[in-house]
Amino acid sequence: MKPTLIDTRHGTDNQHSFSNGNCLPYTGVPFGMNYFAPQTNGDNGSWWFNPRDRVFQGFRLTHQPSPWMGDFSYLVMQPFNGTLKEATVFHAQSSYRPDESVFNPSHLKITAQRYQSTSRLIPSMYGGILITKYTQADARLLLSLPGKYQLIVENDHSVSGTIINYADCEDKDFSFYFTMRFKQPFTFEEPFEKNGENECLAFSFGDIQEQMIQFGTSFISLEQAKLNLSRELDWQPEDYLTQSEDQWAHYLNKIDIQDKNQQRRSTFYHNLYRSFLFPQTFYEKDSDNQIIHYDTLAKEVKPGFLYTNNGFWDTYKTVYPLYSLIAQDKYAEMLEGFLNSYRESGYLPKWLSPDERGLMPGTLIDAVIADAAVKKIRPDLMPEFLDAMIKGATIQSENSNYGRQGTKDYLRYGYVPATYHESVNHTLDYCYSDFCISQVAKTLKETSATEHYVKQAKNYLTIFDPATGFMRAKLTDGTFKEPFNSHRWGGDYAEGSAWQSSFAVYHDFKGLITAFGGPEKFQEQLISLCNQPPTFNVDGYGFEIHEMSEMAATEFGQLAISNQPSFHLPYLFSYLGKPEFAQPLLKQLMIQEFNDSQTGFPGDEDNGSMASWYIFSSLGFYPVCPGSGEYVIGMPLFDKAIIHLSNGETLTVTASPNHEQQQFVDQIRYNGSLHKRLVFDHKSLMEGGLIDFTLGIVPRPKHYEADQLPFSI
């Protein structure tokens, strides 16, 4: 798959009140330290780009993982001609033609109609190059530096600087360093060295036809930024482009989709592109090519890998299980980085941007670790990871950003009481994390820890109400909080109601089914989940949040595939031995809710999590319980998918006959033999081979033995 076939505007048509992805059109290398995108409206806060805008305000160097997190260490570069009434982005902005512009993972190309100048921006890991062809006299560049800055003009070809801007950070002087090398000399209308705040600075090049600006960046120091640039000074634009395209091709070619429906094939690859943007690289290489990074807590440069811009509450479900199949080397490196975050803060990370932001319930990095452990990825790190996981499960941090919330009360009562915000989700996430701890302990043959945390992983039963079939908030006296409304969002639940939140027992659905009173009652609850209007009650928030609006926009009942808590819900029918209930549901979700357009997602995409849900679901299997080593079988979407696994083996998945009317899996053959289980295990998948789905128009219900059902403790 060529990266030139990807349009990065996929999922970028959004506003704060409704999300079609809440994506930005990122150009950069995979997992790049910086990303670049055209800014169309800097006054619109975190929604500074919209594909329907006709205004171009410049190329924004950005580190924004989500509009809800905000940006940090950003600046804007805008080529222009002549003098401006005021030196502002607004006064320099130009109309542009979106349909004639290039929005590609490996490069950007935009013509500013006001100036009739065409610019190309091509990224590298730590910098990039901006080439502008001018057709009018008095060529210039406007450099917008929001926040505090320092600019040093070194000579008429070089400028360096520092900028401080962030949504939040442990280091209140957290700085971003940049250096720029101009091929054509400039005249600068300011002093040799300038300190300021929230300014736009203009560089004048005279009557030139082309300017080429190479730049390097760093989170470590100005010297490091110059070192990063020095490694690329002899590169030509073609070298930058080749490097960027090759890196994207490496990942996009991991899976080869062959299908008669080219629009769906395009949707797959647009999602695959999104899966390799986050987390972002936060480490650099010193003069000896040793890996180093900046520790924002100690305010020191330290050795080792580090990654940022990732919320594990979102990504543990899909992103890292995908890496476990096709990007194990990068996964292994990321784990080392996350362990460095623990060593420096004392707790495993939850939401990094650039350091711990402490958002969302639970400590779901536990699932990322457990999934790696059972798949034998970085076993050398697991003893220290186990210590870190147990610390997070037993010791409450004095800083609420770190570790679990309500830890002491959870250990005392077996649940997080209703006095804590989103207590139901905290409780369920801690139960699942306890399972994940037990899995890591099991790989290390730590019998005592394994048994203790397996037992504690059953704590979800303490908040299950068999009378209603929902997980409910409990008071410290052991009674359920009243009154109860199953459609009430917020308060006791995170970004959902009891309908979306009560099935987060990934590790023990067999136990949950038993608590319900048997398979029939559990099945009826799942059917009721889908076969009702997408109604909601706003009392927990006091107003309608965008996740409510997105669920209400489509007719899938309470199955809000627009947000992460619902990702696994269609697959729960397999735990009842009724996969035929899920198969048409999955096919319709993929067909109706996803496409390759600017409104291509049903809700926030969130750091590759929703994109990777589509990747897995369209391949025909899904990791309901990371840490189990299994994938629950679903409904393949494509005629043929060839997966190039990290170990060099090849896994081929075929589906036939594959038309709209084939909505059921009739049978599966795995390497020629009839496959009767409702799961694939990771070890077998990594051996490669052929999985052949035969699809059907009507379901063929089967009886499944207990050992053919998905994993439960």
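**A covered strand and its neighbours**

Strand 15 (residues 210–218) is mostly covered, since eight of its nine residues are buried, where buried means under 20% relative accessible area, exposed over 50% and partly exposed in between, with a 1.4 Å probe and protein chains only. Helices (H or I, at least four residues) and strands (E, at least two) are DSSP runs, numbered from the N terminus. This is a predicted model, in which local features need pLDDT of at least 70 and side-chain atom pairs count only at pLDDT 80 or more, while totals for chains, interfaces and linings use all residues. Residues are numbered from 1 along each chain as its sequence is written, and side-chain values use heavy atoms, with hydrogens and water left out.

Two strands are said to pair if DSSP finds at least two bridges between them. Strand 9 (residues 127–133) runs antiparallel to strand 15 and is joined to it by seven bridges, with K133 standing opposite E210 of strand 15. Strand 12 also pairs with strand 15 in the antiparallel sense, over six bridges, and here T217 of strand 15 is the bridge partner of F178.

**Aromatic rings**

A pair of aromatic rings is described by the distance of the centres and the angle of the planes. Rings of Phe, Tyr and Trp (its six-membered ring) pair if their centres lie within 6.5 Å, and planes under 30 degrees apart count as stacked, over 60 as edge-to-face and the rest as tilted. Across the whole structure, a search finds 63 aromatic pairs. One of them is the tilted pair of F174 and F282, at 6.3 Å centre to centre and with 40° between the planes. Because F174 lies in the loop between strand 11 (158–164) and strand 12 (176–182), and F282 in the loop between strand 17 (280–281) and strand 18 (283–285), the pair ties together parts that are 108 residues apart in sequence. F174 counts as buried at 1% relative accessibility, and F282 is buried as well, with a relative accessible area of 3%.

The pair of Y670 and F680 is edge-to-face, because the ring centres are 5.6 Å apart and the planes stand at 80°. Since Y670 lies in strand 30 (residues 664–670) and F680 in strand 32 (residues 679–681), this pair ties together parts that are 10 residues apart in sequence. Y670 counts as buried at 14% relative accessibility, and F680 is buried with a relative accessible area of 1%. Elsewhere, ring pairs link F31, Y251, F276, F312, Y320, Y323, Y331 and F338 into a cluster.

**Helix 14**

In helix 14 (residues 509–516), the buried residues are F509, G511, L512, I513 and F516. What covers these residues includes strand 24 (464–465), strand 25 (470–471) and helix 15 (519–530). Just after helix 14, G517 takes a positive phi of about 105°.

**Enclosed space**

On a 1 Å grid over the protein atoms alone, a cavity is a set of points where a 1.4 Å probe fits but cannot get out, and lining residues have an atom within 4 Å of a point. Grid points are joined across faces, edges and corners, and a volume is the space filled by probe spheres set on the points. A search of the whole structure finds nine cavities of 30 Å³ or more, and the largest cavity holds about 180 Å³ of space. The lining of the largest cavity has 19 residues, of which T296, S341, L352, D355 and E356 lie nearest its centre. Helix 7 gives the most to this lining, with three residues.

Key:
Contact means heavy atoms within 4.5 Å. On a 1 Å grid over the protein atoms alone, a cavity is a set of points where a 1.4 Å probe fits but cannot get out, and a pocket is an open set with protein on both sides within 12 Å along at least five of seven lines; lining residues have an atom within 4 Å of a point.
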